[in-house]
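Okay, everyone, thanks for coming. Let me put the structure up and then walk you through it.

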2 protein chains.
Amino acid sequence: MAIAFELLATDGAARRGRLTTPHGVVETPVFMPVGTAATVKGLTPAQVLDLDARILLGNTYHLALRPTAELIAELGGLHRFMNWPRALLTDSGGYQVFSLAQQRRITDQGVAFRSHIDGALLELTPERAVQIQELLGADIAMCLDECPSSVAEEGAIRAALRRTLLWAERCRAAHRRPDQALFGIVQGGLSIALREQCAQALMRLDFPGYALGGFSVGEPTEQMLAVLGAAAAVLPANKPRYLMGVGTPRDLIEGVARGIDMFDCVLPTRNGRNAFAFTSRGTVKLRNSPHRRDPEPLDPACGCYTCRHFSRAYLHHLFNADEMLGPTLVSLHNLAFYLGLMAQMRTAIAERRFAAWREEQLALLEAATPAAD
Amino acid sequence: MAIAFELLATDGAARRGRLTTPHGVVETPVFMPVGTAATVKGLTPAQVLDLDARILLGNTYHLALRPTAELIAELGGLHRFMNWPRALLTDSGGYQVFSLAQQRRITDQGVAFRSHIDGALLELTPERAVQIQELLGADIAMCLDECPSSVAEEGAIRAALRRTLLWAERCRAAHRRPDQALFGIVQGGLSIALREQCAQALMRLDFPGYALGGFSVGEPTEQMLAVLGAAAAVLPANKPRYLMGVGTPRDLIEGVARGIDMFDCVLPTRNGRNAFAFTSRGTVKLRNSPHRRDPEPLDPACGCYTCRHFSRAYLHHLFNADEMLGPTLVSLHNLAFYLGLMAQMRTAIAERRFAAWREEQLALLEAATPAAD
């Protein structure tokens, strides 16, 4: 087995676990910073290591187009290419079935994309998605799935589910690499019954981990939480559960409360590049003028490099002057905030006080709307 | 005295010195990375410290416009604002008299700029240039000067020289801050006689250091070198000599050979942002296609973070994908290369083998035109 998952403690549905990979141990619940194109945008691997991130995410679709999986394999694989010594997970391209809906054609055979870069054709079959991911060599690969829109009709959801299961079977059959784990992806839209049906069918294929896909694609948060709680409950207790592409700090807390172990999301880095910070006292928009002369750190409760060394006034200046260091420093802080939140959750679960911690944190997030924003 | 300068060794005209400032010791000859808007573009101060840079340059014109010198003073001064614990030097805005020639009006009273940001009026008199620099609080401030174009007629060069001396006197009279040294700036275009005349006049004002301005503004390198050698020779041996805004690796070597102690230039960072690297084997354009599958480091002879951890293929990919990490990693390497070159020169002078080192290095730079470029 490429990976091992150990459940260390539970507190309600929340789980404290440990995922052992060929590239080190990942304490769960975990947040995975996104490194779409073989880089966490704006940060050196040394800075990401400094945050004690244990696992990053890369993207099949983007890397297959540029610089190609074959080139990365020739250069020693994704870990070496991007100089990331710890664990990696690669997404399969299934999410782009949804996000690039205008630029793809999908059949049972696979999905054909028009490149967002130059219009070139990229064909992903389940077999090719697995092959690309084996070339990239992440510790965890994902099955190719069809991610339907949250507003799709039930017929379309059922069709995507059927195809996702068909593809999961073909991915499972195609996958060879012994030092890589292949996770199945549960689809089914916002129907608890379809989600359960999908999860049960995937479990018969016995994957070493399961993901919940097709959430946070436009539906109300409450609806997402209800369905993912029910879907997570069906999954085997001894396997890791990964909620794909989610989400806000509140989503992470609510996901953990429903038994999720792994998360990824572009929010901390994408928002960081746009001067939007997550802090223990709520969100902060650093471009806003009240920050112009503010000598305080971004988050006085945070011990990250940014908060230890720079004022909000300096960060405001960097964005105002369009200096690269602004995106770097706020991305760094936002990741520190996300990783810190996960660390707090791991401790709270281990100490069996997660419910109280969650209530307190959600109240804080609710209350926190700084005057400056 | 805010600074002390000690001459440790000479080798021909080349000088090995030590500049002691209120923010630490600067071994000379030294290269000062440029931090125009209170940041070395693309790098954190921690990364710049890691390169062992001892002194950075900031810009009066840019900082006066944004975020303003008054705000930086209110926030504790430029060192604290940008979190740079070592020495700083600020330029006076004199260079913008040349580079923003279309947007300024100049009289004996001073110079009025139209902001490149929003067209607002910025008036710099000698007194105001000193005041701004005292508010910024760098260890070394520069007199306001008039930098003429290298193709100006002799009459215009003489007029700029006269005004530069008039302003130097007024700057000297206006300067109060005891923990800051004020340097005079020698102008005089490409006339050795005018340069000598300007230097002599400034020396009567007894500045703690002297700069050579108005070089590398379009004239042929050979002409610059002949004039700066003659001008440097006039300056007192016991004061630091700073060649402003210069230059290429070859310029640095030739400048040191002519008795220059301090340099600054945007080339390592500006070129770094554009995928153009300086290496021990010549320049490398990382966007060029032969680098696409090159597993070698940017410069095998370099021990910087970039060269220790990443392939040329990865750097090529980062620029190709327009990822911020490309500019960061190549800026970092280019600065390491420049600072390393200065360190080699310091050692060669101390060991009285500078002439041989220089000959060898210039031959290497001459020969080095990698096939890939």
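So, to begin: how many of the 9 residues of α13(B) are buried? The count is 8, so to speak, and the helix is mostly covered. Buried here means that 20 or more other C-beta atoms, placed from the backbone, lie within 10 Å of the residue's own. Helices are DSSP runs of H or I with at least four residues, strands are E runs of at least two, and both are numbered from the N terminus.

Quick housekeeping. This is a predicted model, where local features need pLDDT of at least 70, side-chain atom pairs count only at pLDDT 80 or more, and totals for chains, interfaces and linings use all residues. Residues are numbered from 1 along each chain as its sequence is written, with chains lettered from A and ligands numbered from 1 in the order in which they are written.

Back to α13(B). Its buried residues include Arg312(B), Tyr314(B), His316(B), His317(B) and Phe319(B). What do they pack against? On chain A that's α4 (78–82), and on chain B it's α14. Contact means C-beta atoms, placed from the backbone, within 7 Å. Just past the helix, Asp322(B) has a positive phi of about 55°.

Now the contact between the chains. Chain A puts in 32 residues and chain B puts in 32. On the chain B side, α3 (69–74), α12 (305–309), α13 (312–320) and α14 (325–350) each give two or more. The largest share, 5 residues, is from α13(B).

How do the copies relate?

Last stop, chain A's open sheet: three strands, order β1-β2-β3, antiparallel. Pairing takes at least two DSSP bridges. β2(A) and β3(A) share 5 bridges, with Gly17(A) partnered by Thr28(A). Lying across β1, β2 and β3 is helix α14 of chain A, at about 115° to β2(A); that angle, on a 0 to 180 degrees scale, is between N-to-C directions of lines fitted to C-alpha atoms, for helices over the stretch in contact.

Key: Contact = placed C-beta atoms within 7 Å. Buried ≥ 20, exposed ≤ 12 C-beta atoms within 10 Å, placed from the backbone.
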